[in-house]
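Please read them with the coordinates open.

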Amino acid sequence: MEQRRYERRRVRGYLVGCVVAVLLWTVASAQIRYSISEEVSEGTVVGNIAKDLGLDKSTLKDRKYRIVSSNADPLFHVNQNDGILYVSRKIDREEVCAQSSTCLINLKTVLENPLEVHYVGVEVLDINDHSPSFPEAEKRLEISESVLPGARFQLKPSRDADSGHFSVQQYKLSNNDHFRLEVRDKGDDGKIPILVLQKSLDREAAASNSLVLTALDGGKPPKSGEMNILVKVLDVNDNTPVFTQDVYSVMLSENVPVGTTVVKVNATDKDEGQNGEVYYSFGNSVSNKLFTLFEINSSTGEIIVKGLIDYEKKDKYEIEIEASDKGLAPLTTEKSVIIKIADVNDNAPEIEVTSFSSSIPEDSRPGTTVALISVNDLDSGLNGKVICSIGEDVPFALSPSLQDKMFSLVTKSPLDREKQSQYDLTITAKDAGQPPLSSEKTISVVVSDVNDNSPEFSMSPYTFYITEANEPGASVFSVKAFDRDENDNALVSYHILRDGTHENKLASFLNINSENGEIVALKSFDFETVKTFQFQVVATDSGTPSLSSNATVNVFILDQNDNAPVILYPLSSNGSAEGVEEIPRNVNAGHLVSKVRAYDADIGYNGWLLFSLQEVTDHSLFGLDRYTGQIRTLRSFTETDEAEHKLLILVKDNGNVSLSATATVIVKVVEPKEAFAASDVKSAAKDEEGNDVTFYLMITLGSVSVLFIISIIVLIAMQCSKSTDYTSKYLQETNYDGTLCHSIQYRSGDKRYMLVGPRMSIGSTIVPGSHANTLVLPDRRRASGEVRIFLGTILACFQ
């Protein structure tokens, strides 16, 4: 019991020493290295990586500090809060590293933003937790009595699952008179016990010898294992087989077919008969693994491939071959056959994406790292040299890293999400073997949007037509803009540019829906006040910073029949449309009695006036020209005709819903002498006025003719260059023959205009806003002495 307690204290002290060794670390080849004992409990601290690397602990979690491992059940994990490396589960060194002398576990740790890769090595130290054991509990040996002292008998070595100092360190043989023990150290294959005959055997003295072979490891206290050896003494056969070569060494390519002959060994025995017949076998030191890869023909000595030979698992095999005779007490000779494996290119490169940013902004500069690519090839030499490439038709490239077989996937040219929003990149890794092997891996990179596109209007400039007297608050038209970006960067809002200038003052009467671009008029427009105006609409996206663009909107006001005709003559002193005309009784038929003058502020058919007699004393006496408003006699007066006649004249326009006004003309029939006296007074007043009027008429006629020709040319050019048609939809009077000249008058602001041209027929075209055949007339209401000219009437008179 005391001894067991002492052993426990020793083990516990050793564990404490191992834990202290964890704190010792070294930096070699830019790698941190720690040590830890096997079988330590879960959660044991291995080391503070963050402190040893000088990393900022506050950024570890944001930078996603982690261990990159393909193992589903990793041995270690790192705490992102403090950067300390912990043991995740109990580690069995024999399970992890088998018989390796040094058990070093390499860990790859990664930080992002920016990307950093650090390598950490953890050496797992062995503890003495296994006892040596022999493959056989009892070994039987048959030795001829003629065997001379010095004969050697190799035994199967004891195996200890521990490694290093805790593996088998020595053998002890029980006391005897004939044998001594030798141990041959074969490095990785361990220590081989050999029985050496030191004194000749005498079968007659002892037919057998019982020995106990004890194997001890290097623990304190050491652990042991025993094997019983039974030596049976045979008679006579005193020659051992001898190999014909001192050294057998051969080169074998990996992946050779099963059944391939590796080498043929040969041994001879000078004895005769069965004592001289040799058969071959693998030595006792050959591991079970070799039995699955090779076999030997016991008769011919040919070593034959039995299983798959893989250079990447082991590149060299040393096989102990035994040549034994068939004597009653067979003699055996051992020879090592060294088989070197030649590498062939049988492993394709393996591509591993160690760190990957699946989304990258489209404004990333060339050279921005997208992913880290690790490439590995298990082959060696040129077969393991890997070339990594990516397609040429993508804006990405592979850049070699300082670390061997590491590449960075970087951008090589600017990105544009609007042209391509996602790239499926195929990375190809090809080795330099013959023939070369390659592998591919496809990763998808999404290009995220940035606000780099201004909104674009569907057209610019916009042209809209609004009928005058529109309803305030109603939508009149809308604009539309789109943005090629996405999400908030493509969310467009609208507003009207209001700069306070005189040209932009009408924009204050408009309001725009910021979401859909629908424009609402806040007031009713009057064609006679404004015929056209222009303003700017600004479309702005919701990106940061926001981008905007402008569009010009041209608005044309379309005329409505909202102005009734205004009587200019006759006009009495009190402002009523009533006048008195005196004519001689002896005038003939066709005599011009008077002319009713009127104008309409509308244009086109809305301003085209027609005259008609509503009331007349005698229908057979007077006639009215419906286009010019001239009142003429239809016949001569008779003695029975009344001396005073009242004519009620209706003036109406040609709008869809006609508006009208009336004028009253009282015609007094007087005797010729009275008429001539009145006529002389009038003619004297008109002569002076007529001279000025004639001069202005000549200038006006010339100007109108030139302007009319120019307007016709402009209209033809516009019709040829634009498909927009402004054909009037006005109806024609049924009795209208389309031959008389006609004047159309309208008012705009403080000025009044008159359009002059031939009488319109069906298909006539009026271009809104055109004043090529328009004369500015003085306002009679402001200056009663000015003369109002109706050029259409004058032209009709000259025809």
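1. Confidence. This is a predicted model, and the mean pLDDT of the protein is 79. A score of at least 70 is reached by 82% of the residues. Residues 1-6 have a pLDDT below 50, and beyond near neighbours in sequence this stretch has zero contacts in the model. Residues 723-799 also stay under 50. For that stretch, however, the model has 172 contacts beyond four places in sequence.

2. Cis peptide bonds. Which residues does the cis bond ending at Pro114 join? The bond runs from Asn113 to Pro114, with omega near 0 degrees. Pro114 sits in the loop that connects strand E7 (104-111) with strand E8 (116-125). Another cis bond links Ser460 to Pro461, again with omega about 0 degrees. Pro461 belongs to the loop between strand E33 (456-457) and strand E34 (462-467).

3. Lys64 is not a glycine, yet its phi is positive, at about 55 degrees. The residue falls in the loop between helix H2 (49-53) and strand E4 (66-68). Is Lys64 buried, exposed or partly exposed? Its relative accessible area is 47%, so Lys64 is partly exposed. Asn487, also not a glycine, has a positive phi of about 55 degrees. Its loop lies between strand E36 (481-482) and strand E37 (492-497). Asn487 counts as exposed because its relative accessibility is 63%, where the cut-off for exposed is over 50%.

4. The E7-E8 hairpin. E7 and E8 are antiparallel and share eight bridges; one of the pairs is Thr109 with His118 in E8. Four residues separate the two strands of this hairpin.

5. Surroundings of E8. Strand E2 (residues 31-37) runs parallel to E8, with seven bridges between them. Ile36 has Val124 in E8 as its bridge partner. How many residues of E8 are buried? Seven of its 10 residues are, so E8 is largely enclosed by the rest of the structure.

6. The four-strand sheet. E34, E41, E40 and E37 form an open sheet in the order E34-E41-E40-E37, with mixed pairing. E34 and E37 are the edge strands, each pairing on one side only. From one strand to the next the twist averages 30 degrees. E34 runs parallel to E41 (residues 548-558), and six bridges join them. Tyr462 in this pairing is opposite Val553 in E41. Pro461, at the end of the cis bond from Ser460, is in the loop leading from E33 to E34.

7. Ser324. This residue is part of strand E23 (residues 316-325). Why does Ser324 count as buried? Its relative accessible area is 3%, and the cut-off for buried is under 20%. The side chains of Ser324 and Thr332 are joined by a polar contact of 2.6 Å. Leaving out residues up to four places away in sequence, Ser324 touches Pro241, Glu277, Val278, Tyr279, Leu331 and Thr332.

Terms used:
Residues numbered from 1 in each chain as written. Predicted model: local features only at pLDDT ≥ 70, side-chain atom pairs only at ≥ 80, totals over all residues. Heavy atoms only, no water. Buried < 20%, exposed > 50% of the residue type's maximum accessible area, 1.4 Å probe, protein only. Polar contact = N/O pair within 3.5 Å; in protein donor to acceptor, adjacent residues only side chain to side chain. Contact = heavy atoms within 4.5 Å. pLDDT = per-residue confidence, 0-100. Pairing = 2+ DSSP bridges. Axes fitted to C-alpha atoms, helices over the stretch in contact; angles between N-to-C directions.
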